[in-house]
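Here's a quick briefing to read with the model open beside you. Take a look at the chain, then work through the topics below.

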Amino acid sequence: MGEAKQIEVADLTEVDGFGPVDLYQKREKIITRSTSGWYQYLRWFTGWPLLFAYFGAPHLYWEGRQAILFDLGARQFHLFDLTFWPEDLWLCGWLLIIGAFSLFTVTTLLGRVWCGFTCPQTVWTAMFMWIEQFAEGTRSARIKLEKAPMSFSKARKRSVKHGLWLGLAFLTGVTFVGYFTPIHELVLDFVNLEVGGWALFWTLFFTLATYGNAGWMREQVCIYMCPYARFQSAMFDHDTMIVAYDAGRGEPRSAAKRGLATDAGDCVNCSICVQVCPTGIDIRDGLQYQCISCAHCIDACNEVMRKVDRPEGLIRFTSESELAGKGRHWLRPRSVGYATAALAMCVAFSVAVLSRDPLMVEIVRGRGDLYQMDTRGQVANDYLLKLTNKTARPMVASVALKALPGAAVLALEAESDLPLAPRESKLTPLRVIAAAEALAGLAGSRPLEFEVCLEYSGSEQEGRCSTEPSLFFAPTSHSAGLGGR
């Protein structure tokens, strides 16, 4: 590829005042100002529960095991009393679709409140920014520190900041890996320097990912990497709640002092709304896709309005219809459609989970010859029956043969019932024998079915049966002796 070029928009420059557009612009570091207010307190009640859930969930135990554990080695995914197996992964896809439609519903009604209050990128970035303020000071102090030459004081503050960042990122990485391997064993392995290669790799990977995303990239993840910022406009309409500046009340701007009578608008042009914005935009320029509805500008502006004895709400959560004086309509075809679809899928998903077959049955043919024939003319086929108890309760199953008259199922284990412990998978060899008199017209292969019934599970699933098809092979011509073809 050639060198990065600048595109001169000559015609637009003359007409609209546009300048050159650089396709490879260098990122301008955003140094935000801290603020407080009602919405920032609300963010504590949305962000901290997420943090406690993320860091605390792997330490919960249920019936002697980790309550939430995606055990890839055993191919079992435990969620408290529920255990999902690889064949249940279609439920995960369904769950993602439900989450998407739920997000669409919230976005249509309330805008990007997910991004501003509960998105993990936003929550972790807020923690990293708090650490930065703790280590380096206020916004003005950090601006001075940024411009100052390297010194012992600057190196010490930067070391404290990055050390705390890496510590939090490492804790995040260990916790994430702890969802896939028992976290207490993982922590002990790190303490004893005995951690395995893959566990170490993924821990370091997510440590660096967290450190980079929340510490360095920050708003760039929301603006350039997250697809939600790009397609949210397809879900917005004039009644969607957004963070908006009331230009009719705020313009023209003036640096009027408190109590001074003036014909200017309420905006005192202090630019604090820009200084507190984590994405660096000016909300007074109108709705922008970079806005994540974090409400920092609302709290900051309300604080300024109180100081200059003017009504709060110059910047507020509202809609374009309300700004135009038309009111807001909550029940709209788009919002009702998304909500109905999400609700219907939640009901169907719940039914699918609760009605799962508690016993998974698989029949595979034994390795080796297709059939065996003894001196009495009997033909035998070998099979392997795999039973998986998908519940947290013990169960007993029985097996019977269907669709092949004259044949009998002989389990090589001397037991009529097949007991299964909770979440146990068991392989049981089976042999189907067809007597000589039953082989007439049976040359080649013939379909048959195994019926496996759940005799006892300690639940209402008792007596439930399932069938598995297979084939029985016989010789094309009968001959004495043992053999297979």
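A residue is called buried when its relative accessible area is under 20%, exposed when that value is over 50%, and partly exposed in between (1.4 Å probe, protein chains only). You're looking at a predicted model, where local features need pLDDT of at least 70 and side-chain atom pairs count only at pLDDT 80 or more, while totals for chains, interfaces and linings use all residues. Residues are numbered from 1 along each chain as its sequence is written, and side-chain values use heavy atoms, with hydrogens and water left out.

- pLDDT is the predictor's confidence in each residue, on a scale from 0 to 100.
- The chain averages 82, with 85% of its residues at 70 or more.
- Helices (H or I, at least four residues) and strands (E, at least two) are DSSP runs, numbered from the N terminus.

**The nonpolar cores**

- A nonpolar core is a set of buried Ala, Val, Leu, Ile, Met, Phe, Trp, Tyr and Cys residues joined through side-chain atoms within 4.5 Å.
- The largest one has 26 residues, and those touching the most other members are Val243, Ile283, Cys297, Ile298, Ile315 and Phe317.
- Two or more residues each come from helix 4 (113–118), strand 8 (242–245), helix 13 (272–275), helix 14 (296–307) and strand 9 (315–318).
- Helix 14 gives the most to this core, with six residues.
- Leaving out residues up to four places away in sequence, Cys297 touches Val243, Cys273, Val276, Ile283 and Ile315.
- There's also a second, separate core of 23 residues, including Met373, Val379, Leu430 and Val432.

**Salt bridges**

- Side chains of opposite charge can pair when their charged atoms come close.
- A salt bridge here is a side-chain nitrogen of Lys or Arg within 4 Å of a carboxyl oxygen of Asp or Glu, and the count comes to 16.
- Asp237 and Arg332 form one of them, at 2.9 Å from N to O.
- That pair links distant parts of the chain, 95 residues apart: Asp237 is in the loop between helix 11 (228–231) and strand 8, and Arg332 is in the loop between helix 15 (320–323) and helix 16 (333–354).
- Are these two partners buried or exposed? Asp237 is partly exposed, at 24% relative accessible area, whereas Arg332 counts as buried at 6%.
- Arg249 pairs with Asp266, with their closest N and O atoms 2.6 Å apart.
- Arg249 sits in helix 12 (residues 247–250), while Asp266 lies 17 residues away in the loop between helix 12 and helix 13.
- Asp266 is buried, with a relative accessible area of 16%.
- Asp282 and Arg284 form a salt bridge too, their closest N and O atoms being 3.0 Å apart. Asp282 counts as buried at 17% relative accessibility, and so does Arg284 at 11%.
- Shared partners join Lys29, Glu132, Glu136, Arg142, Glu146, Arg158, Lys161 and Arg218 into one salt-bridge network.

Key. Contact = heavy atoms within 4.5 Å.
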